[in-house]
Amino acid sequence: MFKIGVAGKGGTGKTTLSCLIILSLLKLEQKPILAIDADPNSNLAENLGIAQPKSLVEIVNEIEKIKNNLPYGIEKSKYLEMRVQEAIMEEKGFDLLVMGRTEGPGCYCYANNLLREWMEKIEKNYKFIVMDNEAGMEHISRRTSGNLDVLFVVSLSDKISLRTAESIYNMINNLELNIKKTYLVINELLGNKIGNNINFPVPVAFKLPFDEEVYKLSEENKGILNISDKSIAFLNVYEFINELCKSDLQ
Ligand SMILES: Nc1ncnc2c1ncn2[C@@H]1O[C@H](COP(=O)(O)OP(=O)(O)OP(=O)(O)O)[C@@H](O)[C@H]1O
Ligand SMILES: [Mg+2]
(Lines give C-alpha, C1' and ligand atoms only; values in the text may rest on other atoms or scores of the structure.)
(Ligands and ions follow the chains in the order given, each with its own letter.)
Protein backbone atom coordinates (compact mmCIF):
# COMPACT_ATOMS: atom_id res chain seq x y z
CA MET A 1 0.00 0.00 0.00
CA PHE A 2 1.32 3.42 -1.01
CA LYS A 3 -0.37 6.45 0.49
CA ILE A 4 -0.32 9.93 -1.04
CA GLY A 5 -1.65 13.00 0.80
CA VAL A 6 -2.40 16.48 -0.54
CA ALA A 7 -2.44 19.55 1.72
CA GLY A 8 -2.31 23.34 1.27
CA LYS A 9 -4.26 26.51 1.90
CA GLY A 10 -7.87 26.85 0.69
CA GLY A 11 -8.26 27.36 -3.04
CA THR A 12 -4.70 26.42 -3.97
CA GLY A 13 -5.76 23.40 -6.03
CA LYS A 14 -5.63 20.48 -3.56
CA THR A 15 -8.75 18.80 -4.89
CA THR A 16 -7.74 19.41 -8.51
CA LEU A 17 -4.34 17.83 -7.83
CA SER A 18 -5.94 14.88 -5.99
CA CYS A 19 -8.18 14.24 -9.02
CA LEU A 20 -5.23 14.44 -11.43
CA ILE A 21 -3.24 11.99 -9.27
CA ILE A 22 -6.18 9.55 -9.23
CA LEU A 23 -6.54 9.89 -13.01
CA SER A 24 -2.80 9.31 -13.52
CA LEU A 25 -2.94 6.15 -11.38
CA LEU A 26 -5.97 4.93 -13.35
CA LYS A 27 -4.14 5.48 -16.64
CA LEU A 28 -1.09 3.69 -15.25
CA GLU A 29 -3.34 0.82 -14.17
CA GLN A 30 -2.09 1.04 -10.62
CA LYS A 31 -5.17 -0.52 -9.08
CA PRO A 32 -6.93 -0.91 -6.70
CA ILE A 33 -7.13 2.75 -5.66
CA LEU A 34 -8.90 4.28 -2.69
CA ALA A 35 -9.65 8.01 -2.87
CA ILE A 36 -10.27 9.59 0.53
CA ASP A 37 -11.90 12.98 0.92
CA ALA A 38 -10.61 14.08 4.33
CA ASP A 39 -11.54 17.74 3.87
CA PRO A 40 -14.58 18.67 6.02
CA ASN A 41 -15.73 20.83 3.07
CA SER A 42 -15.81 17.71 0.99
CA ASN A 43 -15.99 18.23 -2.78
CA LEU A 44 -13.68 15.56 -4.17
CA ALA A 45 -16.63 13.57 -5.56
CA GLU A 46 -17.99 16.67 -7.30
CA ASN A 47 -14.58 17.45 -8.83
CA LEU A 48 -14.17 13.87 -9.98
CA GLY A 49 -17.63 14.11 -11.54
CA ILE A 50 -19.30 11.39 -9.49
CA ALA A 51 -22.13 11.26 -6.92
CA GLN A 52 -21.40 12.25 -3.32
CA PRO A 53 -21.60 9.19 -1.05
CA LYS A 54 -22.79 9.23 2.54
CA SER A 55 -19.88 10.28 4.74
CA LEU A 56 -18.35 8.31 7.59
CA VAL A 57 -19.40 11.03 10.05
CA GLU A 58 -23.01 10.81 8.84
CA ILE A 59 -22.99 7.06 9.39
CA VAL A 60 -21.40 7.39 12.86
CA ASN A 61 -24.04 10.02 13.75
CA GLU A 62 -26.82 7.68 12.68
CA ILE A 63 -25.35 4.92 14.86
CA GLU A 64 -24.99 7.29 17.84
CA LYS A 65 -28.71 8.05 17.57
CA ILE A 66 -29.74 4.42 17.76
CA LYS A 67 -26.94 3.16 20.01
CA ASN A 68 -29.34 1.97 22.71
CA ASN A 69 -31.55 0.17 20.23
CA LEU A 70 -29.06 -1.83 18.23
CA PRO A 71 -30.23 -5.05 16.60
CA TYR A 72 -30.40 -7.70 19.35
CA GLY A 73 -27.19 -9.54 20.14
CA ILE A 74 -24.88 -7.35 18.05
CA GLU A 75 -21.97 -5.61 19.73
CA LYS A 76 -21.71 -1.90 19.01
CA SER A 77 -18.23 -2.20 17.53
CA LYS A 78 -19.34 -5.02 15.20
CA TYR A 79 -22.41 -3.05 14.16
CA LEU A 80 -20.29 0.06 13.50
CA GLU A 81 -17.88 -1.95 11.39
CA MET A 82 -20.74 -3.38 9.39
CA ARG A 83 -22.33 0.01 8.77
CA VAL A 84 -19.17 1.98 7.94
CA GLN A 85 -18.61 -0.31 4.96
CA GLU A 86 -21.52 1.62 3.45
CA ALA A 87 -19.25 4.65 3.23
CA ILE A 88 -17.06 3.04 0.59
CA MET A 89 -18.46 3.86 -2.83
CA GLU A 90 -17.29 1.73 -5.71
CA GLU A 91 -16.54 3.64 -8.88
CA LYS A 92 -15.03 2.62 -12.21
CA GLY A 93 -11.48 1.64 -11.29
CA PHE A 94 -11.40 3.14 -7.81
CA ASP A 95 -13.28 3.42 -4.52
CA LEU A 96 -14.19 6.66 -2.77
CA LEU A 97 -14.52 7.31 0.96
CA VAL A 98 -15.73 10.65 2.31
CA MET A 99 -14.83 11.39 5.95
CA GLY A 100 -17.31 14.25 6.47
CA ARG A 101 -17.59 17.10 8.91
CA THR A 102 -17.81 16.57 12.65
CA GLU A 103 -20.40 18.95 13.99
CA GLY A 104 -20.46 20.62 17.38
CA PRO A 105 -18.13 20.13 20.31
CA GLY A 106 -19.19 16.49 20.94
CA CYS A 107 -16.40 14.00 21.50
CA TYR A 108 -16.02 11.36 18.86
CA CYS A 109 -13.04 9.71 20.54
CA TYR A 110 -14.78 6.35 20.70
CA ALA A 111 -15.85 6.50 17.07
CA ASN A 112 -12.51 7.93 15.98
CA ASN A 113 -10.62 5.10 17.63
CA LEU A 114 -12.82 2.51 15.98
CA LEU A 115 -12.58 4.31 12.65
CA ARG A 116 -8.81 4.44 12.84
CA GLU A 117 -8.66 0.69 13.44
CA TRP A 118 -11.12 0.08 10.62
CA MET A 119 -9.25 2.42 8.26
CA GLU A 120 -5.99 0.62 8.95
CA LYS A 121 -7.68 -2.65 8.04
CA ILE A 122 -9.30 -1.49 4.81
CA GLU A 123 -6.27 0.47 3.64
CA LYS A 124 -4.45 -2.84 3.26
CA ASN A 125 -6.85 -3.78 0.46
CA TYR A 126 -5.51 -1.09 -1.83
CA LYS A 127 -2.37 -0.54 -3.83
CA PHE A 128 -2.73 3.25 -3.76
CA ILE A 129 -4.51 5.64 -1.43
CA VAL A 130 -4.94 9.28 -2.42
CA MET A 131 -6.12 11.60 0.33
CA ASP A 132 -7.43 15.14 -0.25
CA ASN A 133 -7.05 17.05 3.03
CA GLU A 134 -8.05 20.23 4.76
CA ALA A 135 -5.32 22.90 4.79
CA GLY A 136 -3.11 21.68 7.63
CA MET A 137 -4.41 18.12 8.07
CA GLU A 138 -5.46 18.96 11.65
CA HIS A 139 -7.87 16.05 12.06
CA ILE A 140 -5.91 13.47 10.21
CA SER A 141 -4.05 11.77 13.03
CA ARG A 142 -7.27 11.18 14.93
CA ARG A 143 -8.91 9.20 12.17
CA THR A 144 -6.13 7.50 10.27
CA SER A 145 -2.81 5.92 11.05
CA GLY A 146 -1.08 9.21 10.18
CA ASN A 147 1.33 7.43 7.87
CA LEU A 148 1.98 8.86 4.43
CA ASP A 149 4.50 7.80 1.80
CA VAL A 150 4.29 11.08 -0.07
CA LEU A 151 2.79 14.41 0.92
CA PHE A 152 2.26 17.20 -1.61
CA VAL A 153 1.93 20.70 -0.14
CA VAL A 154 0.26 22.87 -2.79
CA SER A 155 0.90 26.61 -3.07
CA LEU A 156 0.05 29.36 -5.51
CA SER A 157 3.07 30.93 -7.15
CA ASP A 158 3.35 34.23 -5.29
CA LYS A 159 5.60 34.93 -2.31
CA ILE A 160 2.76 35.39 0.20
CA SER A 161 1.24 32.03 -0.76
CA LEU A 162 4.65 30.38 -0.47
CA ARG A 163 5.09 31.79 3.04
CA THR A 164 1.64 30.45 3.99
CA ALA A 165 2.54 27.08 2.49
CA GLU A 166 5.70 27.08 4.61
CA SER A 167 3.70 27.68 7.82
CA ILE A 168 1.34 24.88 6.81
CA TYR A 169 4.34 22.63 6.17
CA ASN A 170 5.76 23.51 9.63
CA MET A 171 2.40 22.89 11.25
CA ILE A 172 2.13 19.46 9.62
CA ASN A 173 5.66 18.69 10.80
CA ASN A 174 4.55 19.35 14.36
CA LEU A 175 1.72 16.82 14.14
CA GLU A 176 2.52 13.27 15.05
CA LEU A 177 2.54 11.96 11.51
CA ASN A 178 4.96 9.66 9.82
CA ILE A 179 5.59 11.14 6.38
CA LYS A 180 8.34 9.60 4.29
CA LYS A 181 8.72 12.32 1.65
CA THR A 182 7.24 15.78 1.27
CA TYR A 183 7.18 17.87 -1.92
CA LEU A 184 5.98 21.32 -2.83
CA VAL A 185 3.65 21.72 -5.81
CA ILE A 186 3.40 25.18 -7.35
CA ASN A 187 0.05 25.99 -8.90
CA GLU A 188 0.31 28.83 -11.42
CA LEU A 189 -3.45 29.16 -11.34
CA LEU A 190 -3.29 32.96 -11.24
CA GLY A 191 -0.98 33.09 -14.21
CA ASN A 192 2.08 34.46 -12.41
CA LYS A 193 5.09 32.32 -13.19
CA ILE A 194 7.85 31.74 -10.70
CA GLY A 195 11.46 30.83 -11.46
CA ASN A 196 13.12 27.63 -10.33
CA ASN A 197 14.99 29.27 -7.44
CA ILE A 198 12.39 28.72 -4.79
CA ASN A 199 13.43 28.95 -1.19
CA PHE A 200 11.37 26.24 0.47
CA PRO A 201 12.24 23.51 2.99
CA VAL A 202 11.30 20.70 0.59
CA PRO A 203 11.87 20.23 -3.18
CA VAL A 204 9.38 21.18 -5.89
CA ALA A 205 7.78 18.08 -7.42
CA PHE A 206 6.27 19.87 -10.43
CA LYS A 207 4.32 22.95 -11.40
CA LEU A 208 0.70 23.10 -12.41
CA PRO A 209 0.40 25.73 -15.13
CA PHE A 210 -2.92 27.53 -15.50
CA ASP A 211 -4.93 25.03 -17.53
CA GLU A 212 -7.90 26.19 -19.56
CA GLU A 213 -9.32 22.68 -19.63
CA VAL A 214 -9.22 22.26 -15.83
CA TYR A 215 -10.86 25.63 -15.42
CA LYS A 216 -13.59 24.90 -17.98
CA LEU A 217 -14.44 21.48 -16.57
CA SER A 218 -14.77 23.02 -13.13
CA GLU A 219 -16.90 25.95 -14.41
CA GLU A 220 -19.20 23.55 -16.27
CA ASN A 221 -19.32 21.22 -13.27
CA LYS A 222 -17.94 18.35 -15.31
CA GLY A 223 -15.58 15.91 -13.66
CA ILE A 224 -11.82 16.19 -14.06
CA LEU A 225 -11.77 12.49 -14.93
CA ASN A 226 -13.01 13.70 -18.34
CA ILE A 227 -9.90 15.79 -19.00
CA SER A 228 -8.01 15.10 -22.24
CA ASP A 229 -4.56 13.54 -22.43
CA LYS A 230 -3.34 16.88 -23.82
CA SER A 231 -4.05 18.87 -20.64
CA ILE A 232 -0.73 20.35 -19.49
CA ALA A 233 -1.68 20.17 -15.82
CA PHE A 234 -2.57 16.49 -16.21
CA LEU A 235 0.63 15.70 -18.12
CA ASN A 236 2.83 17.26 -15.42
CA VAL A 237 1.15 15.22 -12.71
CA TYR A 238 1.17 12.05 -14.83
CA GLU A 239 4.89 12.33 -15.52
CA PHE A 240 5.73 12.64 -11.82
CA ILE A 241 3.38 9.83 -10.73
CA ASN A 242 4.75 7.60 -13.47
CA GLU A 243 8.30 8.14 -12.16
CA LEU A 244 7.09 7.58 -8.59
CA CYS A 245 5.54 4.26 -9.57
CA LYS A 246 8.75 3.19 -11.29
CA SER A 247 11.13 4.21 -8.52
CA ASP A 248 9.58 4.13 -5.06
CA LEU A 249 7.50 1.04 -5.51
CA GLN A 250 10.24 -1.30 -6.61
N1 LIG B 1 -3.86 24.85 -12.70
C2 LIG B 1 -5.14 25.23 -12.77
N3 LIG B 1 -5.66 25.72 -13.92
C4 LIG B 1 -6.94 26.13 -13.99
N5 LIG B 1 -7.81 26.08 -12.98
C6 LIG B 1 -7.37 25.59 -11.80
C7 LIG B 1 -6.03 25.14 -11.63
N8 LIG B 1 -5.87 24.72 -10.34
C9 LIG B 1 -7.07 24.89 -9.75
N10 LIG B 1 -7.97 25.42 -10.60
C11 LIG B 1 -9.37 25.83 -10.28
O12 LIG B 1 -9.30 26.61 -9.10
C13 LIG B 1 -10.37 26.31 -8.21
C14 LIG B 1 -9.82 25.88 -6.85
O15 LIG B 1 -9.16 24.65 -6.99
P16 LIG B 1 -9.42 23.44 -5.97
O17 LIG B 1 -10.86 23.29 -5.66
O18 LIG B 1 -8.69 22.27 -6.50
O19 LIG B 1 -8.66 24.02 -4.69
P20 LIG B 1 -8.69 23.45 -3.18
O21 LIG B 1 -7.36 23.77 -2.61
O22 LIG B 1 -9.11 22.05 -3.17
O23 LIG B 1 -9.80 24.38 -2.55
P24 LIG B 1 -10.58 24.14 -1.16
O25 LIG B 1 -9.64 24.59 -0.10
O26 LIG B 1 -11.77 25.03 -1.29
O27 LIG B 1 -10.91 22.69 -1.05
C28 LIG B 1 -11.19 25.26 -8.90
O29 LIG B 1 -12.27 25.90 -9.56
C30 LIG B 1 -10.24 24.65 -9.93
O31 LIG B 1 -10.92 24.16 -11.06
MG1 LIG C 1 -10.65 21.08 -2.09
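## A tour of ligand 1 and its pocket

Start by selecting ligand 1: the space it takes is the largest pocket. Keep in mind that this is a predicted model.

**Stop 1: the pocket.** The volume of the largest pocket is about 530 Å³. Its lining is made up of 26 residues. To find the middle, select Gly13, Thr16, Asn47, Val214 and Ser218, which lie nearest the pocket's centre. Next, colour the lining by residue class: 10 residues are nonpolar, 11 are polar and five are charged.

Which helices and strands supply at least two residues each of this lining? Select α1, α2 (44-48), β8 (204-209) and α8 to see them.

**Stop 2: the shell around the ligand.** Now show the residues around ligand 1; there are 17 of them. Thr15, Thr16, Asn187, Asp211 and Ser218 come nearest to the ligand. Thr16 and Ser218 were also named among the residues nearest the centre of the largest pocket.

Coloured by class, the shell around ligand 1 splits into five nonpolar, eight polar and four charged residues. Two helices, α1 (14-27) and α8 (212-219), each give at least two residues to this shell. Both helices also contribute at least two residues each to the pocket lining.

**Stop 3: polar contacts.** Zoom in on glycine 11 and show its backbone. One of its backbone N or O atoms is 3.0 Å from an oxygen atom of ligand 1. Move on to threonine 12, where a polar backbone atom lies 3.1 Å from an oxygen atom of the ligand. Then select asparagine 187 and show its side chain. A polar atom of that side chain is 2.9 Å from a nitrogen atom of ligand 1.

How much of ligand 1 does the protein bury? On its own, ligand 1 exposes 630 Å², and the protein buries 82% of that.

Stop 4: Two backbone features can be found here.

Select glutamate 29, which is in this loop. Its phi is near 55°, a positive value in a residue other than glycine.

Then select lysine 31 and proline 32. Is the peptide bond between them cis or trans? The bond from lysine 31 to proline 32 is cis, and its omega is near -5°.

Terms used
Residues are numbered from 1 along each chain as its sequence is written. Chains are lettered from A and ligands numbered from 1 in the order in which they are written. This is a predicted model: local features need pLDDT of at least 70, side-chain atom pairs count only at pLDDT 80 or more; totals for chains, interfaces and linings use all residues. Side-chain values use heavy atoms; hydrogens and water are left out. A residue is near a molecule or strand if one of its heavy atoms lies within 4 Å of it. A polar contact is a pair of N or O atoms within 3.5 Å; within protein, one must be able to donate a hydrogen and the other to accept it, and residues adjacent in sequence count only if both atoms are side-chain atoms. Accessible areas come from the Shrake-Rupley method with a 1.4 Å probe; for residues, only the protein chains shown count as cover. On a 1 Å grid over the protein atoms alone, a cavity is a set of points where a 1.4 Å probe fits but cannot get out, and a pocket is an open set with protein on both sides within 12 Å along at least five of seven lines; lining residues have an atom within 4 Å of a point. A molecule sits in a cavity or pocket if more than half of its atoms lie within 2 Å of its grid points. Helices (H or I, at least four residues) and strands (E, at least two) are DSSP runs, numbered from the N terminus. Ala, Val, Leu, Ile, Met, Phe, Trp, Tyr, Cys and Pro count as nonpolar, Asp, Glu, Lys and Arg as charged, and the others, Gly among them, as polar. Grid points are joined across faces, edges and corners, and a volume is the space filled by probe spheres set on the points.
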